Amino acid sequence: MSEVFDRLVADYRLTCPSVPTQYEGTLRDGRVFYFRYRHGRADLGFGQTADDAVMETLDPATPCLLIGEGYDGWLSEDEFKQAFMELVEKRDERTGA
């Protein structure tokens with residue numbers, strides 16, 4: 001799983017450690033991503049800018065991942081990577097990629 005993540009993601013950084021856990025970064029194709037985990041829900045958005053990526057997470061058509069309880073808001077780095085890849089898979093299924 002980590003190898004696939006590394007092939008997809010050029011760089012990333014933790015911007016908020018908990019409640020919500022947030023990561024931002026860049027994919028190898030140049031798009032920006034924003035990942036957020038709060039209230040047991042993980043969201044992932046992509047865009048040309050950080051603002052675009054954040055706005056995509058607010059679109060009801062963008063897949064989310066329910067992985068915790070109502071007050072959960074912390075993920076380890078490994079859990080982030082796993083959730084990230086599950087969300088990428090859900091997006092690919094939705095778009096047929």
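The model is predicted, so local features need pLDDT of at least 70 and side-chain atom pairs count only at pLDDT 80 or more, while totals for chains, interfaces and linings use all residues. Residues are numbered from 1 along each chain as its sequence is written, and side-chain values use heavy atoms, with hydrogens and water left out.

**Stop 1: the Arg-13 partner.** Arg-13 sits in strand S1 (residues 9-16) and Glu-24 in strand S2, so the pair ties together parts 11 residues apart in sequence. Strands are DSSP runs of E, at least two residues, and helices are runs of H or I, at least four; both are numbered from the N terminus. Glu-24 is partly exposed, at 22%.

**Stop 2: Gln-22.** Stay in strand S2 (residues 21-27), which holds Gln-22. Gln-22 is buried, with a relative accessible area of 16%. Show its contacts (heavy atoms within 4.5 Å). Leaving out residues up to four places away in sequence, Gln-22 touches Arg-13, Leu-14, Thr-15, Cys-16, Tyr-34, Phe-35 and Arg-36. Now pick Gln-82: its C-alpha is 14 Å from that of Gln-22, across 60 residues of sequence.

**Stop 3: the cysteines.** How many disulfides does the whole structure hold? A search finds zero (a disulfide needs two cysteine sulfur atoms within 2.5 Å). Select Cys-16: the nearest cysteine sulfur, in Cys-64, is 19 Å away. That is too far for a bond. Cys-16 is buried, at 18% relative accessibility.

Stop 4: Side chains of opposite charge can pair when their charged atoms come close. Select Asp-43 and Arg-41, whose closest N and O atoms are 3.0 Å apart in a salt bridge. Asp-43 is buried, at 9%, whereas Arg-41 is partly exposed, at 33%.

**Last stop: Glu-56 and Arg-91.** This salt bridge has its closest N and O atoms 3.2 Å apart. Glu-56 lies in helix H2 (residues 50-58) and Arg-91 in helix H3 (residues 77-95), so the pair ties together parts 35 residues apart in sequence. Arg-91 is buried, at 11%.

Terms used. Buried < 20%, exposed > 50% of the residue type's maximum accessible area, 1.4 Å probe, protein only. Salt bridge = Lys/Arg side-chain N within 4 Å of Asp/Glu carboxyl O.
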